[in-house]
Amino acid sequence: MKRPIIEKNVHSDFDFILKLKSKNGKEVGFPSYDFEGRIYSHDHHHINPFDRGHFYTISRRGETMKNCFDDKGRLHIVMNNHRLPPGRLHLDLVSFLPNPIYKDGVKKVEDKLVLGIELVEGPGDHDFFIEDEEVILSYVYYTAYELAKAGGFDGTEEEFNEALAGIAGLTEKSKDNSIEIVRLKEKLRLLNRGLNCLDNGIKELEKNVGLSLRRINDNIDTERQRAKKAEKELDERITLLGDNFRRESFLFSENLKGEIERALKEEKTLREAIDGLTKAQKNLRGDFKELDDHIKRRLRRLGDDLYEESRRAKEAERGLKDVITQGLDTMGKSLAEESARAQEREKEIEGKVKEVKQFLKNMEEFTEEDIREAIGM
């Protein structure tokens with residue numbers, strides 16, 4: 001029966017028992033060999049669901065444990081401040097199995113396991129302790145007794161353990177040499193493992209750097225395409241602006257030429273008008289002079305007429321006096337009427353003389369602007 005997936009809040013700490021079984025179904029318990037594991041989350045909705053950049057490490061190196069401990073022969077894992085994103089938990093477990101046929105005495109086996117735990121944004125199964133989270137390893141784990149039995153030992157496991165205990169009774173020197181050899185082998189194994197880890201780190205770094213370089217190159221290509229497109233659009237806009245500028249410049253030049261020509265025509269017309277005004281002014285002055293001469297002639301003629309009329313009036317008066325003296329009764333009335341008419345005529349002539357004098361006086365006070373206004377210019 002398939003076990004249900006246990007949900008845990010992505011921000012919460014938790015721990016669980018991991019039951020390891022070899023592929024023949026035998027339970028390994030807490031590994032007596034060194035191991036190193038990386039726990040990461042796998043989210044199908046993530047942009048890169050196979051990204052192992054964020055992981056949580058568990059390990060055993062000799063007697064040193066990291067994020068795990070031996071819980072009565074079981075592997076107890078503690079997820080403390082793991083900072084993993086939401087998703088199904090996966091485990092990349094590397095086991096360093098003792099095996100003398102390898103140069104460093106260690107066989108490295110890597111398993112990629114899927115756990116029945118999923119990190120979620122919600123509350124999850126916070127009150128449920130995960131026990132016996134079972135995974136199947138890709139190898140068959142043999143104990144030292146099983147290896148000895150496969151090598152020809154036909155005794156029981158107790159006899160084998162006694163034989164191992166008897167080995168402890170060897171001489172002290174042999175024991176010291178064996179311990180030193182073991183220490184050297186351990187150092188060599190740790191060194192090789194460190195080199196392997198370093199190689200793996202370098203490979204992982206090279207992989208990440210390659211991915212980063214590819215991303216950078218893709219971004220550069222994208223930006224280059226955008227720059228080319230922007231440059232093309234800018235060139236088109238510059239060309240369009242240049243065409244508009246040339247067209248506007250041509251239209252401005254044509255309009256300016258037209259305005260200059262119109263201004264020259266207006267200037268010519270204005271000069272002609274000024275010349276005409278000057279000529280008109282000269283003609284007006286001549287006309288005023290002729291008018292003045294005409295008025296003076298008329299005044300002289302009027303004066304002569306007035307003198308003549310005065311002389312005639314005096315002669316008539318003398319004649320009237322003679323007539324009066326000859327016949328006051330018959331001519332008195334006619335003489336009086338004639339004298340009255342003569343006086344009225346004299347007054348009328350004097351009024352006309354005053355009007356002419358006033359007109360001449362006003363003519364002298366006229367300015368050039370008054371003359372232009374009078375003639376409508």
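This report walks through the overall build, the salt bridges and the charged surface patches of a predicted model.

## The overall build

Let's start with the chain as a whole. It holds 4 helices and 10 strands. One of the helices, H3, covers residues 172-365, and it will keep turning up below.

How much of the chain counts as buried? Of its 377 residues, 22% do. The accessible surface comes to about 28000 Å², and carbon and sulfur atoms account for 54% of that area. As for contacts, take those between residues at least 6 apart in sequence: 72% of them join residues at least 24 apart.

Begin with Asp-221 and Arg-224, whose side chains meet in a salt bridge with an N to O distance of 2.8 Å. Where do these two sit relative to each other in helix H3? They are 3 residues apart, which puts about one helical turn between them. Asp-221 is partly exposed, with a relative accessible area of 38%, and Arg-224 is partly exposed too, at 40%.

Further along, Asp-243 pairs up with Arg-246, and the closest N and O atoms of this salt bridge are 2.3 Å apart. Both residues lie in helix H3, again with a spacing of 3 residues, or about one turn of the helix. Is Arg-246 buried or exposed? Its relative accessible area is 52%, so Arg-246 counts as exposed, because the cut-off for that label is over 50%. Asp-243 has a relative accessible area of 33% and is therefore partly exposed.

## A linked set around Glu-308

Now move on to Glu-308. This residue forms a salt bridge with Arg-311, with 2.1 Å between the closest N and O atoms. Glu-308 and Arg-311 are both in helix H3, 3 residues apart, about one turn of the helix.

## Charged patches on the surface

Some charged residues gather into patches instead. Which residues form the negative one? That surface patch is made of Glu-231, Glu-233, Asp-235 and Glu-236. Glu-233 is found in helix H3, and its relative accessibility of 40% makes it partly exposed. A residue needs over 30% relative accessible area and no salt bridge to be part of a patch, so Glu-233, at 40%, is over that area cut-off.

There is a patch of positive charge on the surface as well, where Arg-297, Arg-298, Arg-300 and Arg-301 come together. Arg-298 is a helix H3 residue. With a relative accessible area of 48%, Arg-298 is partly exposed.

Methods: Residues are numbered from 1 along each chain as its sequence is written. This is a predicted model: local features need pLDDT of at least 70, side-chain atom pairs count only at pLDDT 80 or more; totals for chains, interfaces and linings use all residues. Side-chain values use heavy atoms; hydrogens and water are left out. Patches are made of residues with over 30% relative accessible area and no salt bridge: like charges are joined within 9 Å, nonpolar side chains (Val, Leu, Ile, Met, Phe, Trp, Tyr) within 5 Å. Accessible areas come from the Shrake-Rupley method with a 1.4 Å probe; for residues, only the protein chains shown count as cover. A salt bridge is a side-chain nitrogen of Lys or Arg within 4 Å of a carboxyl oxygen of Asp or Glu. Lys and Arg count as positive and Asp and Glu as negative; His and the chain ends are not counted. The place of a charge is taken as NZ of Lys, CZ of Arg, CG of Asp or CD of Glu. Buried means under 20% relative accessible area, exposed over 50%, partly exposed in between (1.4 Å probe, protein chains only). Contact means heavy atoms within 4.5 Å.
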